[in-house]
Amino acid sequence: MPSASATLPATYSNANDGQASPAPFREIATIQALVAPVSEEEFLARYWERKPLIVHRSNPDYYGDLFTLEDFDVSITRGRGYVKTAEATAKKQAKHHGSSANALERVLTDMRDGHTLILDGVQEFDPKLGQFCRLLAQKTAARFQTNIYLTPPNGKGFSAHWDNHDVFVMQVMGSKHWKVEKSRRTLPQKDGAIEEEGRELRGDLYSFTLQQGDMVYIPRGFVHAAECGTENSLHVTLGIYPNTWDELIIAAVKAAILSDDSLRLALPFGHMKGDGTGIINRLSEVLRNTANPAFLAQVLDQFRDETVQKAPLDITGQVASFFQATELELGDRVGARPGLFYTIRKGDDAVTLKVGTRAITFPGFFGEALEFALDNSAYTVRDLPGELEDEERIVFVERLMQEGLVVRQ
């Protein structure tokens, strides 16, 4: 397993003093940043969905302020409305709802008794983790979720188990000791869960300690367990939920059913007897029709559109921008909203942008400008490419700003 010292994965130029400064980890969210110093190419070729990857960086500042103890403190009362607690030795788990004195006192009691405190889906209410997950989604077309685990010294939240999705575990404070089986138990369904009788470690194991700044990637189906030593631990578990082949195949079958009313008719009376030759021939014909490339191209377009509709939508700043609008000029600096998730479909005379549940159509000659505007984080209105008049550039960017797709720098 790779083990290396790594610096922060990127830098940016500070316009105020001209000096290069470390870019916050959360602002350069990429697979490369997650697995550095291992390259993204090596990760995808050797580890992704295949086997665990353990990275020791000897750099406690690697994650910066991605999520701090102070963030955890605030999130307890401003989060999703509940806090989970778990303690593996006593086999105790609880879910404390609300922010009443009684609920918060129960959380504190569990904490003092050595329980791990757990926050689910923190990207839904924490701005830093929300942007982090949207940036990753934009680059990978997968959905990401962040769960946070705070464990006291000598604490152990859960017994050995596998997850039904791949995870990146980022150690942002303290340390934690892990054991991971070297062989995958199963490739689980998305709603799969390990049985109680399977919750023990078996066979050859990876045994290691994550220090602040380190990371372990664990594919779904690999049994693992973790516990603290003499110091406490705060880690972010980044779950990744990509689109899968079975989902696309199911989408194709559903599209075939919707396009042929006869597929909703009953099977023949007596179909439970005989060799079923007629049924098999009909089924074979249906599946051959679904293999038509033109039909599958339509299925893929619809699948992508539905993925866009399900993606998290960031509207930060749009209300203030609407009520405090100022005129736009050619020299003004703007840029694509970070983490924007969309598709662009070009036709003969028009280009259609799909974002959220909206479909926005522009004349076809705006196609090049649209791709540029949404693919660059900083530019002036004047920089827009294409055979456009200056006034057209201004009106076009104003429209994108009204839709929340472009923001002022």
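Asp-71 and Lys-128 form a salt bridge in which the closest N and O atoms are 2.6 Å apart. Because Asp-71 belongs to helix α3 (residues 69-78) and Lys-128 to helix α5 (residues 127-140), the pair ties together parts that are 57 residues apart in sequence. Both Asp-71 and Lys-128 are buried. The structure is a predicted model, and a search of the whole of it finds 22 salt bridges.

Asp-314 and Arg-134 are both buried.

A further salt bridge joins Arg-220 to Asp-166, with the closest N and O atoms 2.9 Å apart. This pair links distant parts of the chain, 54 residues apart: Arg-220 is in the loop between β10 (215-218) and β11 (224-227), while Asp-166 is in strand β8. The relative accessible area of Arg-220 is 14%, and because buried means under 20%, Arg-220 counts as buried. Asp-166 is likewise buried, with a relative accessible area of 1%. Together with Glu-49, Asp-166 and Arg-220 are linked in a network of salt bridges.

Glu-49 leads from the charged pairs to the backbone. This residue is found in the loop between α2 and β3 (53-55), and its phi is positive, about 65°, although Glu-49 is not a glycine. Most residues other than glycine have a negative phi. At 31% relative accessibility, Glu-49 counts as partly exposed.

Asn-154 is another residue other than glycine with a positive phi, near 65°. The loop that holds Asn-154 runs between β7 (143-151) and β8 (166-181). Is Asn-154 buried or exposed? Its relative accessibility is 59%, and since exposed means over 50%, Asn-154 counts as exposed.

One peptide bond also deserves attention. Most peptide bonds are trans. A cis peptide bond, however, joins Ala-36 and Pro-37, with omega about 10°. Pro-37 is located in the loop between α1 (31-35) and α2 (40-47).

Notes:
Residues numbered from 1 in each chain as written. Predicted model: local features only at pLDDT ≥ 70, side-chain atom pairs only at ≥ 80, totals over all residues. Heavy atoms only, no water. Helix = DSSP H or I, 4+ residues; strand = E, 2+ residues; numbered from the N terminus. Buried < 20%, exposed > 50% of the residue type's maximum accessible area, 1.4 Å probe, protein only. Salt bridge = Lys/Arg side-chain N within 4 Å of Asp/Glu carboxyl O.
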